[in-house]
Amino acid sequence: MQMRILAVLLFVFVSSAHAGGLYVIVGAKDADQARALAKQGNLVHCLAPDAKTCNALRRCSVFADILSGSRLPYTDNLVNTLIVNEGSQIPKDEALRVLVPNGTALVGGQKIVKPRPPEIDEWSHYLHNASGNPVSQDKKVGPPRQLQWVSAPRWCRSHEVDISVAVVVTAGGRIFSIQDEGPTGVHDTPLPPAERRFPDKWSLIAQDAFNGVQLWKRPIPKWGPSFWEAGRIPFLAIPKEEMWALPPTVTRRVVAVGDRVYMTMGYRAPVSELDAVTGKTLREFADTATTEEIVVCDGILVARVCVIPDGPRPQPATAAGKGKGKVKKAAAPARQFPEANVVAIELSSGKTLWKKPGGRMLPLSLAATKRGVCFLNAEELTALDLQTGQERWKTPVNSRQNNDAQMGASLLMAGDKVLFVVNGLNVHSLADGKLLWRTSEVIGSSFRGVPDLMVANGLAWAGTMTTKGLNLQTGEIAKSIDVGELFTAGHHPRCYRSKATEDYLIWSKRGVEFVDIRTDKNHSGNDWCRTVCRSGFVPANGFLYVPPTPCRCQPGVQMNGFNAFTTSGEQQATTTERLERGPAYSTTHHSPLTSNDWPTYRKDNARSGNAGTSLPANLNQAWSAKLPGRITAPVIAGKSLYVGGKDSHAVYCLDAETGGERWSYIAGGPVDSPPTIAQGRVLFGCADGAVYCLNAADGELAWRFEAAPRKKIIVSYGHLESAWPVHGSVLVKDNVAYCSAGRSSFLDGGIYLYGLDVATGKQLYQQHLDGPWTVPAKERHPHAMEGTSSDILVCSGDKLFMLQYVFDLKLNKLDAPMLAASGVRKTDRRLLATGGFLDDSGFDRLYWMYSEHWPGAQFAIGAPKQGQMLVFDNATTYAVKYFNTQFSRSPHFTAGRDGYDLIADDNANESSEGTEGRIGMFQRQKPPRWQGKIPVRVRAMVVAGEHLALAGPPDIVPSTDPYGSFEGRLGAVLWLVSTKDGSKVSEIKLSAPPVFDGMAAANGRLYVAMSDGTVLCYGENK
């Protein structure tokens, strides 16, 4: 046994081109192989030959499924290392299909290495490669239609701070990004820099490019806003604001080539060479101290080295305006760029090849090919020899250091030409610097950025959202594309440079718009897909990489997270045998529920959080139980408590009176929210794409319904999941279990909704949400769109709700008329969450409401029945509100100062301005019943009779550990509050925060699910 494990590990070590990633063992019969690989920090999945072996592996904490036939259940290009044990028959073509490029497999004793296909390309620099031309040679990239993987961060920290993902590059099958890992929605931007309490938390993170699994992470010291204040763009550096004025060269600090990463490990630091496999520093190049930007070409690193400014941020000029007390902004004086040197390092030896003065170089203008190095300074366009640094020529250029130049310059090298935008598009010969042609029209800057400039499919494309391709030899229009109604009216293009492939221009008016420049036919708008500002998306490795957005537009539809999308994939036949009957299928044991029970997510189908029991004023701990990994909120029926396991993939049944474990059932994937108890059964959805029904008494399987249309495993936040996961909390009404499978109506064929018979699992109703892909121009709005993401369902009367969509009980889609261009829709009064009920990120542009309107892109800081968490009874809604003021364009909260708002509103107190045709703020029509401030960041809340139970970490910001409260190191408190006036009744200290929305109350007891996997029970001291 040990020899076999050692042989496998030796094989993996010697043959794998990747350190870490996803390992699959086919024909696994015991847990030893998987455990040995998992101990090295790998994601490991086993395919067992039968159900008995699969269940045994799962009981040993090994993620496993059953191998069915010879087809592997993974999406294309997902697995780093495939180990096929004896007795399993996997065709070579099938092994190659699931392997990542350069991935390895051992099949029947034969080693297989998947070659990297020539049709895909890397993206080693901010603008593709050293040439500055942001055009990929990737033939596989196209409009996003399927999800390959998704990882953290879920959102940018805020719209009002520096971007959370500063740059993304990829090489050698890995993807590298600089990320700010500070808590989402927490920042001190309104305060002067010297008074801000939260330190920077930037890291360089390496992930597998094909499955997103994190490989390593390196914290970056002396990086972030506190270090680059003086480097901000002056005329955009509005006092206290940050994201608009990010130093433009931050995106030019990372280059990946093969198994090496080159980066300045600090804002004022030399270039370091890192091992791409481990993240360890191999060398530093002393002559590159205080480098602003780098490119790597033909084994030579070229750096722009200069004195990087220090001190306070530059301020824009102002002048008195007309009217009393008004101030009008005037143009800021152009800042003189520092004198720079251009330094070239031979990477094979680490020696400095040459160093040349570059004058006052414009940011982002440095480019290189084997034919030479080019850059712009304040007076000239210069070309140097790449190998020697010898000046080849200089050409005078009127490149004034005006406001636009502060953001950088658009310059690229294509073949024998140099193209740049200064008062129009200029094209020079690379051989002698001669001006070949110049356009007379002004090439406008992209929003908050430099002008777009690309050479794709042999033509030059200049200017935001241009559809005109220019002949490189003459400058004449060679191609004009009719894109029809691709671009929606209103709002502004995104805040980053657009990119392209040789087949598509990828613009960014709303999200990502693909303009087909090869055939002029396959244009595609994707407003639901929006990425991070300044850095933007990356088309490479056959994927469109889309880091998270700070925006709030298209709520309910917009995809969040760091996503890797593909345009197509191998299609399989839809699953026909969906229903599996288990040993408890015919078991009938009905334990009638009472009003004292808490049988489903948030107590009832309205998701009210209103217990049918009261709680004593003085709670005492009755018991505690520890479960593995992260857990969901509990549900309670009779004397049993049930909780889901997000990491263990299990559902647990505990004795509600003692905490003792009665049984556990391990499913095929994460269970993200609590199960539902009905008819003596435990029903839950699973991220493996199925709905499970267990006998509540002993956990035996009654039935399992395959809600996913077919087997297709991807990676989601470090877990293996179906492309069509099902939320744990199914909704049961009138003996029908309702659920949804999928992530977005725009991905992987859409979302599938089902109504299943609780007793038998038989499919009664079905709805398929796909797109919509074609919407008339008059119905397309800049801040709202049709379509939906998946979420836990809510029921009110005879209607079901999922984000902005409404259905009847037969799953027919009902009309929810849009009342304003902001996306406000008229619905019945119901609980809603603009980011979905399970989003616990704390993003400052998301909120919950109990309302008759879907709010669209409206903010609701001053609205009734709004906050980050709500509970309600028949008359009153209780809300905890994190963000109680506004800073710039977003809601804001200053931690550790005034506390959080706790508010009680009449249920009938609807907001005003819900029907106005503009983006704005919902307001109150009536004052609240009561409101007050509490020093608790509430993460869980229950209303139980005359008491409101709430729990969360304390609102304190210690100077020695400013993030301690947000990251759980300072424990938490549990309060009981009077529902009559909001006064505190009692307080209990907790060792850890509760899981988000992680409390329930039943039969006179309060149950709390903790972030450390503990379940606590509180009741009256007897």
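1. Two strands pair if DSSP finds at least two bridges between them. Strands here are DSSP E runs of at least two residues and helices are H or I runs of at least four, both numbered from the N terminus. With that in hand, look at V26: its bridge partner in β2 is L47. Strand β1 (residues 22-26) runs parallel to β2, with 5 bridges joining them.

2. A word on what you're looking at: this is a predicted model, where local features need pLDDT of at least 70 and side-chain atom pairs count only at pLDDT 80 or more, while totals for chains, interfaces and linings use all residues. Residues are numbered from 1 along each chain as its sequence is written, and side-chain values use heavy atoms, with hydrogens and water left out.

3. On its other pairing, β2 joins strand β3 (residues 64-66) over 3 bridges, in the parallel sense. There, C46 stands opposite A64 of β3.

4. β1, helix α2 (residues 32-38) and β2 form a right-handed β-α-β unit (right-handed: with the strands pointing away from the viewer, the path from the first strand over the helix to the second runs clockwise). Another right-handed β-α-β unit is made by β2, helix α3 (residues 51-59) and β3.

5. So how enclosed is strand β2 (residues 43-48)? 6 of its 6 residues are buried, so the strand is largely enclosed by the rest of the structure. Buried means under 20% relative accessible area, exposed over 50% and partly exposed in between, using a 1.4 Å probe and protein chains only. L43, H45 and L47 cover one side, V44, C46 and A48 the other, and all are buried.

6. Now the rings. The structure holds 31 aromatic pairs (Phe, Tyr or Trp ring centres within 6.5 Å, taking the six-membered ring of Trp; planes under 30 degrees apart are stacked, over 60 edge-to-face, the rest tilted). W223 and W228 are edge-to-face, because their planes are at 80 degrees, with the ring centres 5.6 Å apart. Both W223 and W228 are buried.

7. W623 and Y1007 make a tilted pair, 6.2 Å centre to centre with 50 degrees between the planes. This one links distant parts of the chain: W623 is in strand β43 (residues 620-626) and Y1007 in strand β76 (residues 1005-1010), 384 residues apart. W623 is buried at 6% relative accessible area, and Y1007 is buried at 2%.

8. Also check the aromatic cluster of W149, F210, F543, Y545 and F562.
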